[in-house]
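Please look at the sequence and the structure shown here, and then follow the paragraphs below while keeping both in view.

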Amino acid sequence: MLADGNACCLFGAGNHNSQMVSHLAGTDREMKGDQVMSTDIGIDLGTASILVYIKGKGVVLKEPSVVAFDRDTNKIKAIGEEARLMLGRTPGNIVAVRPLRQGVISDYTVTEKMLKYFIQKAMGKKSFRKPRISVCVPSGVTEVEKKAVEDATYQAGAREVSIIEEPIAAAIGAGVDISKPCGNMIVDIGGGTADIAVISLGGTVVSTSIKIAGDDFDEAIVRYMRKKHNLLIGERTAEDIKIKIGTCFPLAQNDTMDVRGRNLVTGLPKTVSVSSEETEEALREATLQIVEAVHSVLEKTPPELAADVADRGIILTGGGALLRGLEELIEDRTGINTMTAEEPMTCVAIGTGKYVEFLSGKSGKLED
Ligand SMILES: Nc1ncnc2c1ncn2[C@@H]1O[C@H](COP(=O)(O)OP(=O)(O)OP(=O)(O)O)[C@@H](O)[C@H]1O
Ligand SMILES: [Mg+2]
């Protein structure tokens, strides 16, 4: 299941060098120009949700990455929260889709329209100057898809665009000073992918990405309910169970919850009481795959950096990191202190927005 762990040199990841050069040049221009008017925007283009961060304002928009469109005319009917409410409830000709599900851009045109819509919504009508926008894309996207996102962002009105890797953005958002020659391990668990990376000197040293994250936890609960209780439930109900009582580590507290679904034997509605203990069993396989990926990255980490990680601990980010017991499970299996970032769901958006500052090196410290 594991994608190849890709080791790369500091700052040597892909086209970062050229990006850095162009940004530094941009900063030079700006120093002479009207720096005051410029806006920095960070967009977390996630598989489950899209967040927009504006420097000085914080996270101004958070909506599900869902688009509803008319199959006959190909016209978009709704985007974001409005479209999410249509998922699974649309008449034949209208389809609600998640164009980024599983960390790949399954529908480029729809993604482009969605991105433009959110940028315009977040910026409002009146803006003095074109903003600098950095976009964090799911780690599985290809170079071609990255380029497509970049083009769409330019078309939406950006003056400068940079595309960022999720673990770097997550680290900045979690408050890690990534410019130091010191190893930090970030485990970002989103909806579609879990990204595990050891970062030092502003670059990824070792990383891996697996397509096991929040959505798979929901699917595992759906499967468990079907097998153990003969009960058919939808993904939204499964997510509800996960958020309310779900755990992946045996905890002292064992909550229960009544779950409604369809009895697979009689075909009639049925209510079953589910416990946290049962969710632990349901989520075991998926969460252990994440632990295994953490292991594999630790194994490939150079000894000095591994020692830093052991000292400083592992940082969890992303909405999936909110699953109860995850810290305990990773800590138990690796022996390394594990903690969740303060605002795991907004980390990446904040870090993406601040990345522009990091690149331009205006200030040693990253501030709001
Ligand atoms: N309290 C919670 N407990 C467990 N899981 C949660 C909680 N809140 C949100 N989640 C899960 O977090 C996931 C979404 O996280 P996030 O918004 O970070 O994903 P994303 O950034 O859109 O995805 P990706 O990073 O894979 O592109 C969903 O699977 C959601 O069910
Ligand atoms: Mg994410």
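The phi angle of N74 is near 65°, which is a positive value in a residue other than glycine. Is N74 buried or exposed? N74 counts as exposed, because there are 9 other C-beta atoms within 10 Å, and a residue with 12 or fewer is placed in that class.

A second open sheet has 5 strands in the order β4-β3-β2-β8-β9, and its pairing is mixed. Here β4 (58-64) and β9 (160-165) are the strands at the edges, each with a single partner strand, so one side of each has no neighbour in the sheet. From one strand to the next, the twist averages 15°. Within this sheet, strand β3 (residues 49-54) and β4 run antiparallel and are joined by 6 bridges, and Y53 stands opposite V59 in β4. Helix α4 (residues 143-155) packs on the sheet, where it touches β2 (40-45), β8 (132-137) and β9, and its direction makes about 145° with that of β9. Another helix, α5 (residues 166-173), lies across β8 and β9 and runs at about 95° to β9.

Further along the chain, other strands can be followed in turn. Strand β14 (residues 256-263) is joined to β13 by 2 bridges, and the two run antiparallel, with L231 standing opposite N263 in β14. Strand β14 also pairs with strand β15 (residues 269-275) in the antiparallel sense, this time over 7 bridges, and R260 stands opposite T271 in β15. The hairpin of β14 and β15 has 5 residues between the strands, and in this hairpin G267 takes a positive phi near 80°.

N230 is found in the loop between α6 and β13 (231-232). With 15 other C-beta atoms within 10 Å, N230 is partly exposed, which means that its count falls between the 12 or fewer of an exposed residue and the 20 or more of a buried one.

The model also holds a ligand. Which residues are the closest to ligand 1? Of the 23 residues that surround ligand 1, the closest are G46, A48, G190, G214 and G319. Helices α6 (214-229) and α7 (235-245) each supply at least two residues of the shell around ligand 1, and the largest share, 3 residues, comes from α7. Sorted by class, the shell around ligand 1 has 7 nonpolar, 12 polar and 4 charged residues.

Finally, the chain can be viewed as a whole. There are 11 helices and 17 strands in the chain, and 46% of its 368 residues count as buried. Among contacts between residues at least 6 apart in sequence, 67% join residues that are at least 24 apart.

The chain averages a pLDDT of 84, and 85% of the residues score at least 70. Among the elements of the chain, strand β16 (residues 314-317) has the highest mean pLDDT (98), whereas helix α1 (residues 16-32) has the lowest (34). Over residues 1-37 the pLDDT stays under 50, and for this stretch the model has 48 contacts beyond four places in sequence. Over residues 362-368 the pLDDT likewise stays under 50, with 8 contacts beyond four places in sequence. Where pLDDT is low, the predicted coordinates should not be read in detail.

Methods:
Residues numbered from 1 in each chain as written. Chains lettered and ligands numbered in written order. Predicted model: local features only at pLDDT ≥ 70, side-chain atom pairs only at ≥ 80, totals over all residues. Near = placed C-beta within 6 Å. Helix = DSSP H or I, 4+ residues; strand = E, 2+ residues; numbered from the N terminus. Nonpolar A, V, L, I, M, F, W, Y, C, P; charged D, E, K, R; others polar. pLDDT = per-residue confidence, 0-100. Contact = placed C-beta atoms within 7 Å. Pairing = 2+ DSSP bridges. Axes fitted to C-alpha atoms, helices over the stretch in contact; angles between N-to-C directions.
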